[in-house]
Amino acid sequence: MVDVPGRRPRRGARLRPVGDGELRLRHRTVHGYRRAYRMAGEGPALVLVHGIGDSSATWAELVPRLARTHTVVAPDLLGHGASDKPRADYSVAAYANGLRDLLSTLGIERATLLGHSLGGGVAMQFAYQFPERTERLVLVSAGGVGREVNPVLRAVSLPGAHLALSALRLPGMALQARMFAHLTRWLDTDLGQDAAELLTLVDALPDETSRSAFIRTLRAVVDWRGQVVTMLDRCYLTAGMPTLLIWGDRDSVVPVRHAYGAHEAMPGSRLEIFEGAGHFPFHSDAARFASLVEEFTGTTAPADWSREHWSELLRAGRPGTAPDRVGERELREASERSAT
């Protein structure tokens, strides 16, 4: 856990109930594209960024609780959920820019970023691009901290993925997929921990436009060899940024070893492992997850960046001990995959 000197943590926040009307889906048009989001509560801003193929609906159990002490914003990323799905740039950097612009239209200048999977990569990229607007980071089963990823996602990045995803919509295929999911669960495999949620993501791709946006997003971060972007080489820049890492120890999408690598690479970060959980620990134990986030935001002071501090970190560069901590080979591979 990291505290920033000179800033007092927020304590004893007043709890308030959240009405059903606050949880409804809203829309803002930014750069000509309609972006869907949910917004509820009052207090310090907390932005929830979902993963690939998902939407703000994934946070359904968490928003009412977190909104008792925060202004919670949960967007549908462009190409996802109820947001528009244009033929556009779906890179991690583009998502960070879009998130900044949406928050600006909502009058939110600074926030704690909580990102899951792809959303974790977006949150890290947001903090890298806009450190002065980032108070804390909560990274949940985050992408962008290692090459490994589920082989299914690597396969979907290959040519012909459109046909494969379309085939899953054929009569009878849904039943076979669910039978396979039940089998993996019954065999107590790691994939079985995530099978139900992953099938839900497939159900969220009902048409060609949705499938095209999904594949364009996936190919921006994954190819046949694995993940193609990383923040490992610049994790030293999180020094002074309160950072919480949350992972399931049976994650079949992004292996839990990535959590330990990120923890070593991020100075002062805090790591929490959910035993028995897969890629969606906030679904496996929503109460524990919400309590961790509330405790973290309530007992750490927000980062207070300046241009001078950022320049000092960049001039100092990555600490010379970094190869010993995250592995020289991993850093060499990371240098080929860095998001700029």
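These notebook entries record what I looked up in one predicted model.

**Basis.** I number residues from 1 along each chain as its sequence is written. In this predicted model local features need pLDDT of at least 70 and side-chain atom pairs count only at pLDDT 80 or more, whereas totals for chains, interfaces and linings use all residues, and side-chain values use heavy atoms, with hydrogens and water left out.

**Second largest pocket.** I looked up the lining of this pocket (an open set of points on a 1 Å grid over the protein atoms alone, where a 1.4 Å probe fits, with protein on both sides within 12 Å along at least five of seven lines; lining residues have an atom within 4 Å of a point). The lining comprises 17 residues, and Arg35, Leu78, Ala94, Tyr95 and Gly98 lie nearest the centre. Two or more lining residues come from each of strand E2 (33–40) and helix H2 (92–105); these elements are DSSP runs, helices being H or I of at least four residues and strands E of at least two, numbered from the N terminus. H2 contributes the most, seven residues.

**Helix H9.** I then checked residues 257–265 and found His258, Ala259, Ala262 and Ala265 buried (under 20% relative accessible area; exposed is over 50%, partly exposed in between, with a 1.4 Å probe and protein chains only). These buried residues fall within an arc of 130° seen down the axis of H9, so they line one face of the helix; the arc is that of the directions from the helix axis to the C-beta atoms.

**Positive phi.** His31, in the loop between strand E1 (26–30) and E2, has phi near 60°. His31 counts as exposed at 58% relative accessibility. Ser117, in the loop between strand E5 (111–116) and helix H3 (118–129), has a phi of about 55°. Ser117 is buried, at 9%.
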